[in-house]
Amino acid sequence: MRNIILLFFSTGIFFTANAQKSDYQLVEQTLNYYMEGGSNKDFDTLKKAFHETATMKYITDEGYKEVNALEFFSGMKPGPRVDRKNRIAEITVSGHAANARLELEYANFTFVDFMNLLKIDGEWKIVSKIFYKRAE
């Protein structure tokens, strides 16, 4: 009887551990909120990916720019789905910190996004983004 109870207990722990998503999968989910929200012009989905104080830093013809990411994307206008291919090229997770490289491929150019994420109160959030617009 003791062995049967031990077997059920061990099986329960195994299935509980496997049912929970890994940090890698949770980071991937956060990145998908960003990519799908942007592709679908859906700010509510996109904002799930970002911490409220997340920054976005980039270079324009005028030089270096730094903005609050959510404020920048809040101007997104609803419309038809954007014609682009989204790809997570790389994810690295180390404890409660992670980074990722994304490629958002349009017809004539590709945005290469570098995201830094932190696990805050149990949720992975993008805290900073830098990017480069690569001409094809």
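Me: Among contacts in the chain between residues at least 6 apart in sequence, what percentage join residues at least 24 apart?

Reply: Contact means heavy atoms within 4.5 Å. Of the contacts between residues at least 6 apart in sequence, 46% join residues at least 24 apart. This is a predicted model, in which local features need pLDDT of at least 70 and side-chain atom pairs count only at pLDDT 80 or more, while totals for chains, interfaces and linings use all residues. Residues are numbered from 1 along each chain as its sequence is written, and side-chain values use heavy atoms, with hydrogens and water left out.

Me: How many helices and strands are there in the chain?

Reply: Helices (H or I, at least four residues) and strands (E, at least two) are DSSP runs, numbered from the N terminus. The chain has 4 helices and 6 strands, in the order α-α-α-β-β-α-β-β-β-β from the N terminus on.

Me: In what order do the strands of the sheet lie?

Reply: Strands of a sheet pair through backbone hydrogen bonds, either parallel or antiparallel. Two strands count as paired if DSSP finds at least two bridges between them. Here the 6 strands form an open sheet with mixed pairing, ordered β2-β1-β6-β5-β4-β3. Its edge strands, β2 (63–68) and β3 (85–94), each pair on one side only.

Me: Which sense does the pairing of β1 and β6 take, parallel or antiparallel?

Reply: β1 and β6 pair in the parallel sense over 4 bridges; lysine 57 has isoleucine 130 in β6 as its bridge partner. By contrast, β1 and β2 run antiparallel, joined by 6 bridges, and form a hairpin with 2 residues between them. β4 (residues 97–105) and β5 (residues 109–120) also run antiparallel, with 9 bridges. Alanine 98 has leucine 117 in β5 as its bridge partner.

Me: Which strands does helix α2 touch?

Reply: Axes are lines fitted to C-alpha atoms, for helices over the stretch in contact, and angles run from 0 to 180 degrees between N-to-C directions. Helix α2 (residues 23–39) packs on the sheet and touches β1 (50–60), β3, β4, β5 and β6 (123–135). The direction of α2 makes about 150 degrees with that of β3.

Me: Which residues have the most contacts inside the largest nonpolar core?

Reply: A nonpolar core is a set of buried Ala, Val, Leu, Ile, Met, Phe, Trp, Tyr and Cys residues joined through side-chain atoms within 4.5 Å. Buried means under 20% relative accessible area, exposed over 50%, partly exposed in between (1.4 Å probe, protein chains only). The largest such core has 24 residues, and those with the most contacts inside it are Val27, Leu31, Tyr34, Phe50, Met115, Leu117 and Ile126. α2, β1, α4 (69–73), β4, β5 and β6 each supply at least two residues of this core.
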